[in-house]
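Colleague: I would like to learn how to read a few features in a protein model. Can we go through them one by one?

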Amino acid sequence: MVHFNPDLASSARPSNNLKTRCNMDELGEPGPLSQQGECVQKTEATDNGPVRPVPQNFVWRLYGRSNSSSTSVKVNPGDMALGVPVLRETFDPWRCHDGHDEDDGGCKGCIKINKARAAAASLATPLAMASMPSHAGTTDLTATMASLQSRELDDSCPDAAPDQLQELRHDGSVLALAVSDKYIFAGTSKGEIAVWSLGTFQPVQTIQAHKRSVLCLLLADDFKYLFSTACEPIINVWCPRTFTRLYEIYSTYDVGDVFSVAYSPQREIVYVGTQTQDIQWISLKDPERKSSHESAHHPDRRQHRFFDSRAVGGTSTPRRTEEFYALIPTAEQVLEIDSGAIRQYAHYGWVFCMLVAKGPTVLVDSDEEVLISGGGDGSIKLWKLCDTGPDYEDGNVVTGDIEELMVLGEDDSESVMSLAIDGSFLYAGKLGGIIELWDLDTKQKLRVIKAHDGNVNVLKMSFGLLWSGGTGGSASKHSTVHYGRDTNGAAQNISQKYQCLSRWKAHDAKILSSATVVHNSDQLFLTGANDNTVRVWRVNGMPSQTEDGTGPAEDMMIQSLREFISYKTVSSRPEFTEDCRKGATFLGSLFKRLGAQVEMLSTGSLHNPVVYAKFSGKLEPAEKRKRILFYGHYDVVPADMKGDNWQTDPFKLSGRDGYLYGRGVSDNKGPIIAALYAVSDLLQEKALDSDIIFVIEGEEESGSRGFAEAIHDNKELIGHIDYVLLANSYWLDDEVPCLTYGLRGVLHATVCIDSKHPDLHSGVDGSNMLSEPLTDLTLLVSKLKDRKNHVNIPGFYDGILPLTKEEDLRYDDIANILIRRNPANGPIEALKRSLMARWREPNLTIHRYNVSGPDGSLISSHATANVSIRLVPGQEVDEVIKNLKSFLREEYEQFESDNTLTIRIDNKAEPWLGVPGNYIFRTLEEAVMRAWGPTASEDSNNGVSVALPPNGTNDETAPKTRKPLYIREGGSIPPIRFLEKEFNAPAAHLPCGQASDAAHLDNERLRVVNLQKSREIFSTVFRKL
């Protein structure tokens, strides 16, 4: 991506059929300005060019102003990066996320404690991110940017400059840079392209490329073409090896200066952004666009209404000419842009920057090219590229077209000066030192970074880092969320926070251009400025592309899992927000690559998106297909890297002794990948009859925030569902496969007691006449359970399903196997009783207390207790909530206390109980038995024949092997019962990992055999269902 001198951000208000031109001096600066900061206008029109209507209420701005009246975000002066609008706190199940009940607003003490702690945290952590309430109003991003622009940069950013290898001098400002494998190209304010050898830094040639300042250079990815534009309506195409001028391109419109250029190698079409707010394009291979060197339509020869006009009896002003004009090489071909190949008013401001990217959003295919443009109106637009344009009445057919795909930043009028792309993440450099980060999948602005004191003229994404330069002369590098290997082949292993890793004074002038390259194992960052220099910085820190990346071909499933694990998708930590988005984007791209229809389902501005993917079966008509929904989650719990507990990097998949180690490999990324490749296997075998719908959320480890709403909002997209399947748990031991048919539910509540008095000293004010909140709270919560752990809430045990004979036999089976594996688990009855208590009986736990005020001899004015209740099938969550509140209020009334009681329900999830004998469980049972055969250390003579589901094996004889254990679990997975009820479809749960997988713990792992067998099981189930 290239762009013009970003300091040309001033703009004017043109009249109809007028064009504004800012003359350039030799330093690449704007021409004379009026007192209002506007460019002095010169009217210009063309006899040959079409008339251009100017929209009503059309305004260009030098510096934008807020169009929003919403509440602004307070920015911590120490912050280098501000998350917008994805700032959020660490997940706490007792923090209400989806609305409160009628008692929620009455607890002023909780609000007071939260404010006090937030204030203390901001004082203790100067670089902490600014806090945002869970239910804050709309953020005024423009006000936030203004506050960021107005403050000084954080002094804590290291100012150590990298090694400067060379300083290359020229006699004009360096407005544009490009680097090939052999040469450095610099576009200058004298209309020249200076060429140096990359190997020796010796000057090779100086080309007189244009009549006026070169505004941008673009080198094609395959080094086939070098494009140049200038403060004139001419675009040149050069051979970057022979320096031959291959093409001269011009428009029939008076476009003024050409600020930006982009190139589609797939279509061999050049796109140009102009001073007249247009985007135009031309195919280099379209024979219809060839023109002669002496064409009357050429800008040098056609009549100019302003410069060639004359009064009656007067004479026209002679056109400017210079001796060096004759030094411009003659082009081998001249191309004239079709008058129909234009998108007028693509932006309501100059089109400062453009780039072409492949598949940057789920709205297009992964290999489909998209044009991205940034304008002086502050907006960023994505354009879908088309091969053919509209047919006109005169029979003219235009080659190529662009269709608006997405618009970002419409509420912000700060000019977009530079762009850089990283997968589905787009960085935009703006006025005032601001860099914005956009998620092109969800169309959300994720972060605003205060990078420089001056305007951000240049952005580069390379070596796993974001490189930028500003008009203050500083260059900087920021850590990003970047994975795999970058375009230069460098492996990545970087910080997850958008931190300024280094900022240094690169020039005592305005940085106007930059480039990156790997040469002779050195990573190089080049900067150009209006001090007439190019400086070459060695910024080594990552392995270069010369690193040997060869090795045996790895299984594609493990290869995908390896990359999936590399994303630190920790939903409970705000610093990993971009990582979660990256993980979702990767997963969506992988689904699409393997043949799915993919959508990103929004869960709200503060929550990670749900990845929806649909694989269509081949059975026709479609109404006859069964539809299976597979649920999973791509978020993980944090991994503590401070100690030595992890033997390897938790976010770098490693193999050891037949196991794969990494955070999320067992919970839940491994099972997701296994299910995905099972579907891929069936597609390749042309054996997939049913529709398989994947719904993969990113907030499961944080209470599934926003998941239910996303499913409700997109129920029509998802359609009807016949079966729900998930794989989000583990076996009881390391030997015997299991099927889970029951989970407990949960509700989290906060009980608060508030005094009408402030915090008091216990010595001065304490007496038996004063009701103390903490004492009241302690007495009250003690009423919830007795000494035998029996819950005293009325009706608490009503409705619990009795133990059936069939279920009792299952517990016998489980206990016998576990004791056989480890006799220390016995005796059998004690083990059965323990399993039942944890799996099929409810429980109440008091977790912690919080009080107001500092530590010491204090009578706190506010006290809270966090309580959780695990529920089992037969208990209704809402009924338990009602009885809990009623019981606590009645008990508290007996205290005759002066204090106030508040009860808040923070989170709830229903229990789930499947039906082991139904079709989906029987199909799973068959698949498990076929995949695993006789279980390890199991005497095959003890195996039993089982009744298979109808048509389960196409009349094949069932294998004689041990059945999987049918188990229940004490934990909770809120979405399973929700999905079962929402789609009126039975659910089943396949544990993929072993008991020793250490999910949520250090050194989480998954046995390779379990991953492969899970893939086999899913393949069988998807085929049979």
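Colleague: What is the torsion about the S-S bond of Cys157 and Cys500, and which hand does the disulfide have?

Modeller: This is a predicted model. A disulfide is a covalent bond between the sulfur atoms of two cysteines. Here the torsion about the S-S bond of Cys157 and Cys500 is about -55°, so the disulfide is left-handed. The S to S distance is 2.2 Å.

Colleague: Where in the chain do Cys157 and Cys500 sit?

Modeller: In distant parts of the chain, 343 residues apart. Cys157 lies in the loop between helix H2 (141-150) and strand S3 (163-169). Cys500 belongs to strand S29 (residues 500-505).

Colleague: How many disulfides does a search of the whole structure find?

Modeller: One.

Colleague: Are Cys157 and Cys500 buried or exposed?

Modeller: Both are buried. The cut-off is under 20% relative accessible area. Now try Cys216: its relative accessibility is 0%, so Cys216 counts as buried. Cys239 has 17%, and therefore counts as buried too.

Colleague: Now a strand. Which residues of S19 point one way, and which the other way?

Modeller: In a regular strand the side chains alternate between the two faces of the sheet. In S19, Glu369, Leu371, Ser373 and Gly375 point one way. Val370, Ile372 and Gly374 point the other way. Seven of the seven residues in S19 (residues 369-375) are buried, so the strand is mostly covered.

Colleague: How many bridges join S18 to S19?

Modeller: Seven, and the two strands run antiparallel. S18 covers residues 351-358. As an example, Val351 has Gly375 of S19 as its bridge partner.

Note on methods:
Residues numbered from 1 in each chain as written. Predicted model: local features only at pLDDT ≥ 70, side-chain atom pairs only at ≥ 80, totals over all residues. Heavy atoms only, no water. Disulfide = S-S within 2.5 Å. Helix = DSSP H or I, 4+ residues; strand = E, 2+ residues; numbered from the N terminus. Buried < 20%, exposed > 50% of the residue type's maximum accessible area, 1.4 Å probe, protein only. Pairing = 2+ DSSP bridges.
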